[in-house]
Every structure is written in structure tokens, then in C-alpha cells.
Amino acid sequence: MSDAVTPQHPTAPPAVPGAGTGRPDRMRLHVVLPSEAGTMPAPELVRLAREAEELGYAGVWLPDHLLPPGPYGRPPEGYGGVHEALTTLAFLAAATERLTLGTSVLIAPLREPLLLARQSATLARLSGGRFVLGVGVGWQPYEFAAAGVGFGDRGARTDRTLRLVRHLHAGAGGPYDDGQVAFDGRAVFQPVPREPVPFLIGGNSDAALRRAAEFGGHWQGVGLTTGQFAERAAELARRAASRGTRVTAGTRIGWDGPDRTVVDVAAEVAGWEAAGAADLGVWFGSADAGFADRMRALAERTGVTGGRVAR
């Protein structure tokens, strides 16, 4: 990376928009929207996002897959992300007022870095600063091969992308050269967001923790037990402290069938809060199989208000 590049690292995590009226020591509760069926009408996503906002959830999130080697559908057999995440979140930004809008998570090394910087800055501007760019390095080699992108260097590509996005969102210009993107002092980047778009870093690896500690903001563990999550979060806190940054830790769960009751899921929510999660996203299954009913039931059971659980 050129000496001209001076990434800025915030010393505190950016506030999660739309979640400021509950008790600040309680966990934020989010909704992972259903994006597994191409036949779902777009107005259904709007309806669910608006209802999540009315119920008091902190935010809505969408997954990302560009070209999976199998059908979209219920995980783990199927893939999420049938609606392109950034386009859809721009659509939802116009239909909501308070919700955080985020990707959980976007496969950063499959995206062109300059375009991603402009898309995320534009989303921040259009949503009134409610957008959070959640990223991961990806795990499906087929998608990388199909896109003509190397799988082995996806971590390094992600790092370069995030540094470029932060550089441009901070209002810095050229010269810039990171070995992947280069421009001189004539380059003009607009729109510059009022604050750099917050990052959420997904993944359990040491590299993911290092990435989250470098940039600050938010970290999302994946598929961990509460004990494993607490250990990883403690390691993240040590890394962030050594860099002078702060990172909130969170995860996501699923409730998509009659095998568990709202009492069971509310107990799981409480368990994640006890483990130290600041944010928890919940996927409630497919839109046509009780998603809205389960979303309402959990809101009532947890007393979510102002984005945070109350009981």
C-alpha cells in the first residue's frame, strides 16, 4: 500500500441507527429478512420491514450470494440472497424511517471496490445514515471461480476493499495505490457520507477478529455456541484494545418451524445476551411459512422497544 494511503480508524464503534430509545445496557434485536425465494413479491419485503420497525426491532438485514451452485432456499440446504442486497436495502430505505439497514453479510472480495464504495456511500446518504456494511470473505469456491476471482487471496482482497471504502468515505482523495486500485490527485469521489459507513465484520477466524479490531464497528460470529462466542468476543476485545478501537460483538440465529416455541427462542435470546452479545439477528424462516407470526411473537415475548430487548 502506498505511503499516500492513510486509513482512518474510529476509536469508538459507530452508533447503530434507529436503536437509541431502549435501555443502553440491553441487547439490540434485529430481523434477518427472508430472501430465499425469487417468487416472493417485493411488496412483501417492504411489509415485513415496516412491521419490524413498528414492532420495535433495531434493524433489518439481508444476506448475499451472487451465483451459488445450488438453489436458493432454506439453509443449510439452500442459499440466501435471491434479492441483491444493496439494491433491496435502497428500496427498503425509502419505505422505513428508523431501522438500521445492513448486509449480513456481503461477500466483499466478489465486489468491485470503487463501485462498492459509491454504492455504500449512496445508501448512507439515501437512508439518512442508517446503513451498515456487513462483509465477509466468502466460503463457496464455486462463486469465485464463476466470477473469475481468486479464492486463495480473498482475505487480502477484503482488507484492501475495506481500506479503500474507509479512505473514500473519510473524504480523502488521491494519490492512492493499494496494488489493486490506483488513482492520482485528480480523482473525485461523491457522495461523501456525513460519517464513514460503519462496518460489520462476519466470521470466526483470527483474521476476521483482526479485521474487526482494525476497522472498529461491529463483529458478527457465525454458528458458535454461547461459550465459544464469549471466548471469541473476549479475544476480539483484547485485539481492539491494543489498537485503540472499540467493536461490538453479535451473532444471528434462526427460528423457522414448529419444533420450538416462542418461550424456547426467547430463552435463547436471553442466553446470547448473557454471553455478551450486543446485537442479535433472527431469521424467522420463509415469508410464506409464518415469518411474520414468529417475528411478532418474539417481539411481544422479549418486550423489544427502541431496538432493545426489555425482558
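A crossing of two helices is called left-handed if the near helix is turned anticlockwise from the far one by less than a right angle, and right-handed if clockwise. Keep that in mind for the first stop. Before you click, note that this is a predicted model, where local features need pLDDT of at least 70, side-chain atom pairs count only at pLDDT 80 or more, and totals for chains, interfaces and linings use all residues. Residues are numbered from 1 along each chain as its sequence is written, and side-chain values use heavy atoms, with hydrogens and water left out.

**Stop one: α1 and α2**

An axis is a line fitted to C-alpha atoms, for helices over the stretch in contact, and angles run from 0 to 180 degrees between N-to-C directions. Which hand does the crossing of α1 and α2 have? Right-handed: that is how α1 passes α2.

Now show side chains. From α1, Ala 42, Leu 45, Val 46 and Ala 49 meet Thr 88, Phe 91 and Leu 92 of α2, where contact means heavy atoms within 4.5 Å. By class, this contact has six nonpolar residues, one polar and no charged ones. (Ala, Val, Leu, Ile, Met, Phe, Trp, Tyr, Cys and Pro count as nonpolar, Asp, Glu, Lys and Arg as charged, and the others, Gly among them, as polar.)

**Stop two: Val 82**

At 26% relative accessibility, Val 82 counts as partly exposed. For the cut-offs, buried means under 20% relative accessible area, exposed over 50%, and partly exposed in between (1.4 Å probe, protein chains only). Setting aside neighbours within four places in sequence, Val 82 touches Ser 35, Glu 36, Ala 37, Gly 38 and Tyr 72.

**Stop three: α5 and α6**

Next, select 154-169 (α5) and 206-215 (α6), whose axes come within 12 Å and cross at roughly 10°. So α5 is roughly parallel to α6. What sort of residues make up this contact? They divide into two nonpolar, two polar and six charged. Among them are Asp 159 and Arg 163 in α5, and Arg 210 and Glu 214 in α6.

**Stop four: two cis bonds**

Zoom in on the backbone from Ser 104 to Val 105, where the peptide bond is cis, with omega near -15°. Val 105 sits in the loop between β3 (100-103) and β4 (106-107). Another cis peptide bond joins Gln 190 and Pro 191, with omega about -5°. Look for Pro 191 in the loop between β7 (182-183) and β8 (199-202).

Arg 26 is in the segment before β1 (28-32). Buried or exposed? Arg 26 is buried, at 16% relative accessible area. A 2.7 Å polar contact joins the side chains of Arg 26 and Glu 273. (A polar contact is a pair of N or O atoms within 3.5 Å; within protein, one must be able to donate a hydrogen and the other to accept it, and residues adjacent in sequence count only if both atoms are side-chain atoms.)

Finish at Asp 279, in strand β11 (279-283). Asp 279 is buried at 11%, and a 2.6 Å polar contact joins its side chain to that of Arg 28.

Note on methods
Helix = DSSP H or I, 4+ residues; strand = E, 2+ residues; numbered from the N terminus. Parallel < 35°, antiparallel > 145°, perpendicular 65-115°, else oblique.
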